[in-house]
Amino acid sequence: MIESKPKVWFVGAGPGDPELMTVKGQKLIAEADAILFAGSLVSEAAMRWAGSGCEIQDSKGMDLDAINDWLIARAHKFSTVVRLQTGDPGLYGALIEMAQALDKESIEIGVVPGVSSAMASAAAGVESLTLPEVTQTVILTRVEGRTPMPAGESLLELARHHCTLCLFLSITLLKKVQSELYAAGWAEDAPVLVVHKASWPGEEKIIRATLADIREKCRAEKINAQAMIIVSPALGARQWPELKKSKLYDKTFSHRFRKAIKPEEVMS
Ligand code: SAH
(Lines give C-alpha, C1' and ligand atoms only; values in the text may rest on other atoms or scores of the structure.)
Protein backbone atom coordinates (compact mmCIF):
# COMPACT_ATOMS: atom_id res chain seq x y z
CA MET A 1 0.00 0.00 0.00
CA ILE A 2 1.34 3.44 -0.88
CA GLU A 3 1.34 5.68 2.13
CA SER A 4 -0.61 8.85 1.46
CA LYS A 5 1.26 12.15 1.77
CA PRO A 6 0.41 14.21 4.82
CA LYS A 7 -1.99 17.07 4.24
CA VAL A 8 -0.92 19.51 6.88
CA TRP A 9 2.79 20.12 7.27
CA PHE A 10 4.35 21.85 10.23
CA VAL A 11 7.42 23.41 8.72
CA GLY A 12 10.28 24.95 10.69
CA ALA A 13 11.10 28.22 8.95
CA GLY A 14 14.37 28.65 10.81
CA PRO A 15 15.41 31.63 12.90
CA GLY A 16 14.78 34.45 10.43
CA ASP A 17 17.14 34.34 7.47
CA PRO A 18 15.01 32.73 4.74
CA GLU A 19 18.12 30.92 3.48
CA LEU A 20 18.17 28.94 6.71
CA MET A 21 14.96 27.14 5.80
CA THR A 22 15.47 23.53 4.73
CA VAL A 23 15.18 22.54 1.08
CA LYS A 24 12.25 20.32 2.05
CA GLY A 25 10.53 23.28 3.71
CA GLN A 26 10.99 25.40 0.58
CA LYS A 27 9.57 22.66 -1.62
CA LEU A 28 6.49 22.32 0.56
CA ILE A 29 5.93 26.08 0.53
CA ALA A 30 6.16 26.08 -3.27
CA GLU A 31 3.62 23.22 -3.40
CA ALA A 32 1.28 24.59 -0.74
CA ASP A 33 -2.30 25.58 -1.50
CA ALA A 34 -2.51 27.45 1.81
CA ILE A 35 0.07 28.71 4.31
CA LEU A 36 -0.52 29.93 7.85
CA PHE A 37 2.58 31.66 9.13
CA ALA A 38 3.52 32.73 12.63
CA GLY A 39 4.45 36.39 12.73
CA SER A 40 6.63 38.66 10.65
CA LEU A 41 9.62 36.42 11.20
CA VAL A 42 8.56 33.94 8.59
CA SER A 43 6.44 36.04 6.28
CA GLU A 44 9.30 36.74 3.92
CA ALA A 45 10.02 33.04 3.54
CA ALA A 46 6.37 32.41 2.80
CA MET A 47 6.26 35.10 0.16
CA ARG A 48 9.51 34.12 -1.43
CA TRP A 49 8.60 30.60 -2.47
CA ALA A 50 4.82 30.39 -2.42
CA GLY A 51 2.93 29.93 -5.68
CA SER A 52 0.79 32.79 -6.97
CA GLY A 53 -2.50 31.04 -6.20
CA CYS A 54 -1.54 30.16 -2.63
CA GLU A 55 -3.68 31.49 0.22
CA ILE A 56 -1.34 33.10 2.76
CA GLN A 57 -2.46 34.11 6.22
CA ASP A 58 -0.67 35.55 9.27
CA SER A 59 -1.69 33.83 12.48
CA LYS A 60 -0.87 36.90 14.57
CA GLY A 61 -4.00 37.76 16.49
CA MET A 62 -5.48 34.26 16.12
CA ASP A 63 -5.93 32.10 19.22
CA LEU A 64 -5.31 28.36 19.18
CA ASP A 65 -8.91 27.47 18.34
CA ALA A 66 -8.93 29.88 15.43
CA ILE A 67 -5.62 28.43 14.17
CA ASN A 68 -6.93 24.88 14.43
CA ASP A 69 -10.19 25.78 12.69
CA TRP A 70 -8.25 27.48 9.89
CA LEU A 71 -5.98 24.46 9.37
CA ILE A 72 -8.89 21.99 9.48
CA ALA A 73 -10.99 23.98 6.99
CA ARG A 74 -8.06 24.24 4.53
CA ALA A 75 -7.14 20.58 4.97
CA HIS A 76 -10.68 19.59 3.94
CA LYS A 77 -10.42 21.76 0.86
CA PHE A 78 -6.81 21.47 -0.32
CA SER A 79 -4.14 18.82 -0.76
CA THR A 80 -1.16 20.63 0.85
CA VAL A 81 -1.46 23.01 3.79
CA VAL A 82 1.59 24.44 5.57
CA ARG A 83 1.84 25.81 9.07
CA LEU A 84 5.11 27.77 9.09
CA GLN A 85 6.69 28.10 12.51
CA THR A 86 9.76 29.98 13.68
CA GLY A 87 12.89 27.98 14.35
CA ASP A 88 12.03 24.35 14.94
CA PRO A 89 8.36 23.40 15.35
CA GLY A 90 9.17 21.14 18.31
CA LEU A 91 10.31 23.97 20.58
CA TYR A 92 7.74 26.27 22.23
CA GLY A 93 5.50 26.05 19.19
CA ALA A 94 2.20 24.47 20.40
CA LEU A 95 2.80 21.61 17.93
CA ILE A 96 0.97 19.02 20.01
CA GLU A 97 -2.07 21.21 20.64
CA MET A 98 -2.48 21.58 16.86
CA ALA A 99 -1.62 17.94 16.11
CA GLN A 100 -4.33 16.72 18.50
CA ALA A 101 -6.95 18.91 16.86
CA LEU A 102 -6.00 17.57 13.41
CA ASP A 103 -5.86 13.97 14.69
CA LYS A 104 -9.47 14.32 15.86
CA GLU A 105 -10.41 15.05 12.24
CA SER A 106 -8.19 12.18 10.98
CA ILE A 107 -6.09 14.66 8.99
CA GLU A 108 -2.61 13.36 8.21
CA ILE A 109 0.22 15.57 9.41
CA GLY A 110 3.97 15.78 8.87
CA VAL A 111 6.70 17.81 10.55
CA VAL A 112 9.77 19.31 8.88
CA PRO A 113 12.40 20.35 11.41
CA GLY A 114 13.99 23.78 11.32
CA VAL A 115 17.13 25.53 12.55
CA SER A 116 16.32 26.64 16.06
CA SER A 117 17.20 30.14 17.22
CA ALA A 118 19.40 28.50 19.87
CA MET A 119 21.64 27.12 17.13
CA ALA A 120 21.51 30.33 15.09
CA SER A 121 22.49 32.36 18.16
CA ALA A 122 25.49 30.15 18.90
CA ALA A 123 26.49 30.44 15.25
CA ALA A 124 26.13 34.23 15.33
CA GLY A 125 28.60 34.41 18.20
CA VAL A 126 30.91 31.72 16.75
CA GLU A 127 30.41 29.73 19.92
CA SER A 128 30.38 25.99 20.51
CA LEU A 129 27.70 24.93 22.97
CA THR A 130 29.81 21.94 23.97
CA LEU A 131 33.52 21.94 24.67
CA PRO A 132 35.66 18.94 25.70
CA GLU A 133 36.05 18.66 29.46
CA VAL A 134 34.25 21.97 29.98
CA THR A 135 30.65 21.09 29.23
CA GLN A 136 29.08 18.32 27.22
CA THR A 137 25.47 19.16 27.94
CA VAL A 138 23.03 21.76 26.62
CA ILE A 139 19.76 22.60 28.33
CA LEU A 140 17.10 24.36 26.26
CA THR A 141 14.76 26.04 28.68
CA ARG A 142 13.00 29.23 29.72
CA VAL A 143 12.48 31.14 32.92
CA GLU A 144 9.15 31.01 34.67
CA GLY A 145 7.09 34.03 33.76
CA ARG A 146 3.37 33.85 33.23
CA THR A 147 3.83 30.27 32.00
CA PRO A 148 4.59 28.04 34.99
CA MET A 149 7.57 25.69 34.94
CA PRO A 150 7.07 22.01 35.83
CA ALA A 151 8.46 20.76 39.16
CA GLY A 152 12.23 20.29 39.09
CA GLU A 153 12.73 22.62 36.12
CA SER A 154 13.27 25.97 37.78
CA LEU A 155 16.29 27.80 36.40
CA LEU A 156 17.86 27.51 39.84
CA GLU A 157 17.71 23.72 39.69
CA LEU A 158 18.82 23.43 36.07
CA ALA A 159 21.64 25.95 36.48
CA ARG A 160 23.22 23.81 39.20
CA HIS A 161 24.52 21.56 36.40
CA HIS A 162 26.81 24.39 35.27
CA CYS A 163 26.42 23.29 31.68
CA THR A 164 25.27 25.35 28.69
CA LEU A 165 21.85 26.93 29.12
CA CYS A 166 19.92 28.38 26.18
CA LEU A 167 17.08 30.50 27.52
CA PHE A 168 14.13 31.13 25.24
CA LEU A 169 11.32 33.59 25.98
CA SER A 170 13.21 35.10 28.90
CA ILE A 171 14.73 38.38 27.78
CA THR A 172 12.27 40.44 29.85
CA LEU A 173 13.14 38.33 32.90
CA LEU A 174 16.86 39.02 33.10
CA LYS A 175 16.64 39.99 36.75
CA LYS A 176 15.31 36.55 37.56
CA VAL A 177 17.97 34.94 35.35
CA GLN A 178 20.65 36.76 37.35
CA SER A 179 19.28 35.89 40.77
CA GLU A 180 18.69 32.22 39.98
CA LEU A 181 22.11 31.76 38.42
CA TYR A 182 23.78 33.43 41.40
CA ALA A 183 21.80 31.18 43.74
CA ALA A 184 23.03 28.19 41.72
CA GLY A 185 26.64 29.25 42.24
CA TRP A 186 27.44 31.08 38.99
CA ALA A 187 29.93 33.92 39.36
CA GLU A 188 29.22 37.58 38.66
CA ASP A 189 31.79 37.52 35.87
CA ALA A 190 30.28 34.43 34.20
CA PRO A 191 30.01 35.21 30.47
CA VAL A 192 26.58 35.70 28.90
CA LEU A 193 25.67 35.98 25.24
CA VAL A 194 22.45 37.60 24.12
CA VAL A 195 21.54 37.50 20.46
CA HIS A 196 18.67 39.60 19.20
CA LYS A 197 17.10 38.54 15.89
CA ALA A 198 19.77 35.96 15.22
CA SER A 199 20.34 35.52 11.47
CA TRP A 200 17.92 38.31 10.44
CA PRO A 201 19.68 40.03 7.56
CA GLY A 202 20.85 43.45 8.74
CA GLU A 203 19.06 43.27 12.09
CA GLU A 204 21.01 40.82 14.21
CA LYS A 205 22.54 42.21 17.41
CA ILE A 206 25.08 40.39 19.53
CA ILE A 207 25.61 41.41 23.13
CA ARG A 208 28.47 39.99 25.13
CA ALA A 209 28.35 40.66 28.83
CA THR A 210 28.79 39.14 32.25
CA LEU A 211 26.03 37.98 34.51
CA ALA A 212 26.52 41.18 36.50
CA ASP A 213 26.08 43.65 33.63
CA ILE A 214 23.84 41.85 31.14
CA ARG A 215 20.74 43.77 32.17
CA GLU A 216 22.27 47.20 31.71
CA LYS A 217 23.78 46.23 28.37
CA CYS A 218 20.47 44.90 27.05
CA ARG A 219 18.65 47.95 28.35
CA ALA A 220 21.16 50.25 26.65
CA GLU A 221 20.63 48.39 23.36
CA LYS A 222 16.83 48.38 23.90
CA ILE A 223 16.63 44.62 23.58
CA ASN A 224 13.41 43.40 25.10
CA ALA A 225 12.06 40.82 22.64
CA GLN A 226 13.14 38.20 20.09
CA ALA A 227 16.36 37.41 21.88
CA MET A 228 18.17 34.28 22.98
CA ILE A 229 20.19 34.22 26.20
CA ILE A 230 23.06 31.76 26.33
CA VAL A 231 25.04 31.20 29.50
CA SER A 232 27.77 28.64 29.36
CA PRO A 233 31.20 27.88 30.76
CA ALA A 234 32.25 27.39 27.13
CA LEU A 235 31.44 30.95 26.00
CA GLY A 236 34.37 32.91 24.62
CA ALA A 237 36.54 29.80 24.25
CA ARG A 238 37.73 31.00 20.87
CA GLN A 239 39.88 33.48 22.82
CA TRP A 240 41.31 30.95 25.27
CA PRO A 241 45.04 30.29 24.91
CA GLU A 242 44.68 26.60 25.79
CA LEU A 243 41.95 24.11 25.02
CA LYS A 244 41.43 20.48 25.82
CA LYS A 245 41.26 18.98 22.36
CA SER A 246 38.23 17.04 21.24
CA LYS A 247 38.91 13.29 21.44
CA LEU A 248 37.34 12.86 18.04
CA TYR A 249 40.37 14.42 16.38
CA ASP A 250 42.90 13.19 18.89
CA LYS A 251 45.57 11.08 17.20
CA THR A 252 45.58 8.62 20.11
CA PHE A 253 41.83 8.02 20.12
CA SER A 254 40.34 5.25 17.96
CA HIS A 255 36.88 5.42 16.55
CA ARG A 256 34.84 3.82 13.83
CA PHE A 257 36.61 5.62 11.02
CA ARG A 258 40.17 5.83 12.26
CA LYS A 259 42.62 3.69 14.16
CA ALA A 260 44.57 5.31 16.95
CA ILE A 261 48.30 5.49 16.95
CA LYS A 262 50.19 4.88 20.19
CA PRO A 263 50.81 8.01 22.28
CA GLU A 264 54.59 7.54 21.90
CA GLU A 265 54.16 7.67 18.11
CA VAL A 266 52.45 11.05 18.20
CA MET A 267 54.61 13.75 16.76
CA SER A 268 53.96 17.10 18.25
N1 SAH B 1 10.60 27.38 17.84
C2 SAH B 1 11.47 28.51 18.05
C3 SAH B 1 11.27 29.15 19.41
C4 SAH B 1 9.93 29.85 19.55
S5 SAH B 1 9.74 30.61 21.12
C6 SAH B 1 12.93 28.07 17.85
O7 SAH B 1 13.20 26.88 17.69
O8 SAH B 1 13.79 28.95 17.80
C9 SAH B 1 10.20 32.27 20.78
C10 SAH B 1 11.54 32.59 21.42
O11 SAH B 1 12.57 32.06 20.59
C12 SAH B 1 11.85 34.06 21.54
O13 SAH B 1 11.35 34.58 22.76
C14 SAH B 1 13.36 34.06 21.55
O15 SAH B 1 13.86 33.70 22.82
C16 SAH B 1 13.68 32.92 20.59
N17 SAH B 1 13.91 33.37 19.22
C18 SAH B 1 13.16 33.11 18.13
N19 SAH B 1 13.74 33.61 17.02
C20 SAH B 1 14.88 34.21 17.43
C21 SAH B 1 15.94 34.86 16.74
N22 SAH B 1 15.95 35.01 15.43
N23 SAH B 1 16.97 35.32 17.49
C24 SAH B 1 17.01 35.16 18.83
N25 SAH B 1 16.05 34.53 19.51
C26 SAH B 1 15.00 34.06 18.83
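How many residues surround the ligand, and which are the closest?

1. In this predicted model, the ligand is surrounded by 17 residues. Pro15, Leu91, Ser117, Ala198 and Ala227 are the closest. By class, the shell comprises ten nonpolar, five polar and two charged residues.

2. The position of the ligand follows from the origin of its shell. Residues of domain 1 (7–112) and of domain 2 (117–237) both contribute to the shell, so the ligand lies between the two domains.

3. Polar atoms of the ligand may be considered next. A nitrogen atom of the ligand lies 2.9 Å from a backbone N or O atom of Thr86. For Asp88, a polar backbone atom is 2.9 Å from a nitrogen atom of the ligand. Ser116 contributes through its side chain, where an N or O atom is 3.0 Å from an oxygen atom of the ligand. On its own the ligand has 550 Å² of accessible area, and the protein covers 90% of this.

4. In which sense do strand 8 and strand 9 pair, parallel or antiparallel? Strand 8 (residues 191–196) pairs with strand 9 in the antiparallel sense, over six bridges. Leu193 stands opposite Arg208 of strand 9. In general, the strands of a sheet pair through backbone hydrogen bonds.

Notes:
Residues are numbered from 1 along each chain as its sequence is written. This is a predicted model: local features need pLDDT of at least 70, side-chain atom pairs count only at pLDDT 80 or more; totals for chains, interfaces and linings use all residues. Side-chain values use heavy atoms; hydrogens and water are left out. A residue is near a molecule or strand if one of its heavy atoms lies within 4 Å of it. A polar contact is a pair of N or O atoms within 3.5 Å; within protein, one must be able to donate a hydrogen and the other to accept it, and residues adjacent in sequence count only if both atoms are side-chain atoms. Accessible areas come from the Shrake-Rupley method with a 1.4 Å probe; for residues, only the protein chains shown count as cover. Ala, Val, Leu, Ile, Met, Phe, Trp, Tyr, Cys and Pro count as nonpolar, Asp, Glu, Lys and Arg as charged, and the others, Gly among them, as polar. Domain bounds come from an automatic or database domain assignment. Two strands pair if DSSP finds at least two bridges between them. Helices (H or I, at least four residues) and strands (E, at least two) are DSSP runs, numbered from the N terminus.
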